[in-house]
Amino acid sequence: MAALTLARAYQHSFDTHPNITLAVTGGSLNALGDVVAQLAQLKLGTHKHGDLPRKYDVARPFMGRWNALLERRFPLRLPGNTSRISYKALGKRVASDQLVMAPAGLVFFIGAMGAMEGRNLGQIRQRYKDIFPTALLANWKVWPLAQLINFRYMPLPYRVPFIQTCGVFWTLYLSLLNSEEDIKQDLDQGNEKAIEQRT
């Protein structure tokens, strides 16, 4: 019963304020995932390595960790050389982000939105077929340039805020794409009911 009430409240919020709803939902789910991951690390004792916290780290956002990982894995400047940029490393950062994080983020977004809107498994699968390719191609037209600017010119502490600012427009696009799919699935569901009534 509580889940149904929550789903209705979410749907109303999404219908009236889609951008705010998605922003809050995305942030909340990212935070929840990080809380669960950290608690599991603490409980299972997987926090023994020097780079992992020995207590709960409130300021450990996922995207911040992703950017730090890319920073360590693909340094733009070699040690002792502060003037020359490695464009090969910059390309690897952008490629990693677009080939790993972008598809994973879309998979999460489409699945989470379908589940929170009360869609059944078949409808969620259909959403992946209808939305994922379109959104991923649109992503690859826009985000590589944004991430190129981000990784090349933004200091590490400002990368997440820069991308979140760009993400306002991306969220608007995804909201519109998701809304079109909602209408399509509602019409399809209505047609199924009409067919069932006739037989």
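Rings of Phe, Tyr and Trp (its six-membered ring) pair if their centres lie within 6.5 Å; planes under 30 degrees apart count as stacked, over 60 as edge-to-face and the rest as tilted. By that rule, ring pairs link W143, W170 and Y173 into a cluster.

This is a predicted model: local features need pLDDT of at least 70, side-chain atom pairs count only at pLDDT 80 or more, and totals for chains, interfaces and linings use all residues. Residues are numbered from 1 along each chain as its sequence is written, and side-chain values use heavy atoms, with hydrogens and water left out.

**Overall fold**

The chain has six helices and zero strands. Helices (H or I, at least four residues) and strands (E, at least two) are DSSP runs, numbered from the N terminus. Along the sequence the pattern reads α-α-α-α-α-α. Of the 199 residues in the chain, 32% are buried. Buried means under 20% relative accessible area, exposed over 50%, and partly exposed in between (1.4 Å probe, protein chains only).

**Aromatic pairs**

The structure holds two aromatic pairs. One of them joins W143 and W170. Its geometry is edge-to-face, with 6.2 Å centre to centre and 90 degrees between the planes. W143 lies in helix α5 and W170 in helix α6 (residues 156-198), so the pair ties together parts that are 27 residues apart in sequence. W143 counts as buried because its relative accessibility is 8%. W170 is also buried, with a relative accessible area of 14%.

**Salt bridges**

A salt bridge is a side-chain nitrogen of Lys or Arg within 4 Å of a carboxyl oxygen of Asp or Glu. By this rule the count comes to seven. Three of them are tabulated here.

| Pair | Closest N to O distance |
|---|---|
| R159 and E71 | 2.5 Å |
| D182 and R127 | 2.2 Å |

Take R159 and E71, whose closest N and O atoms are 2.5 Å apart. R159 lies in helix α6 and E71 in helix α3 (residues 62-73), so this pair ties together parts that are 88 residues apart in sequence. R159 is buried, at a relative accessible area of 4%. E71 is partly exposed, at 29%.

Next comes D182. D182 counts as buried because its relative accessibility is 9%. R119 is buried with a relative accessible area of 12%.

D182 also forms a salt bridge with R127, the closest N and O atoms being 2.2 Å apart. Here too the pair links distant parts of the chain, with D182 in helix α6 and R127 in helix α5, 55 residues apart. Both D182 and R127 are buried.

**Helix α4**

Helix α4 has 30 residues. From its first C-alpha to its last it reaches 41 Å, close to the 44 Å expected at 1.5 Å a residue. The expected span is 1.5 Å times one less than the number of residues. α4 bends by about 30 degrees at Q98. The bend at a residue is the angle between axes fitted to the seven residues ending there and the seven starting there. After α4 comes G118, whose phi is positive, near 80 degrees.

K88 is found in helix α4. K88 is exposed, with a relative accessible area of 62%. K88 and F74 are 14 residues apart in sequence, while their C-alpha atoms are 8.8 Å apart in space.

**Nonpolar surface**

L99, V100, L137 and W140 make a nonpolar surface patch of about 410 Å². Patches are made of residues with over 30% relative accessible area and no salt bridge: like charges are joined within 9 Å, nonpolar side chains (Val, Leu, Ile, Met, Phe, Trp, Tyr) within 5 Å. Accessible areas come from the Shrake-Rupley method with a 1.4 Å probe; for residues, only the protein chains shown count as cover. The elements giving two or more residues to the nonpolar patch are α4 (87-116) and α5 (121-153). L137 is found in helix α5. L137 is exposed, with a relative accessible area of 51%.
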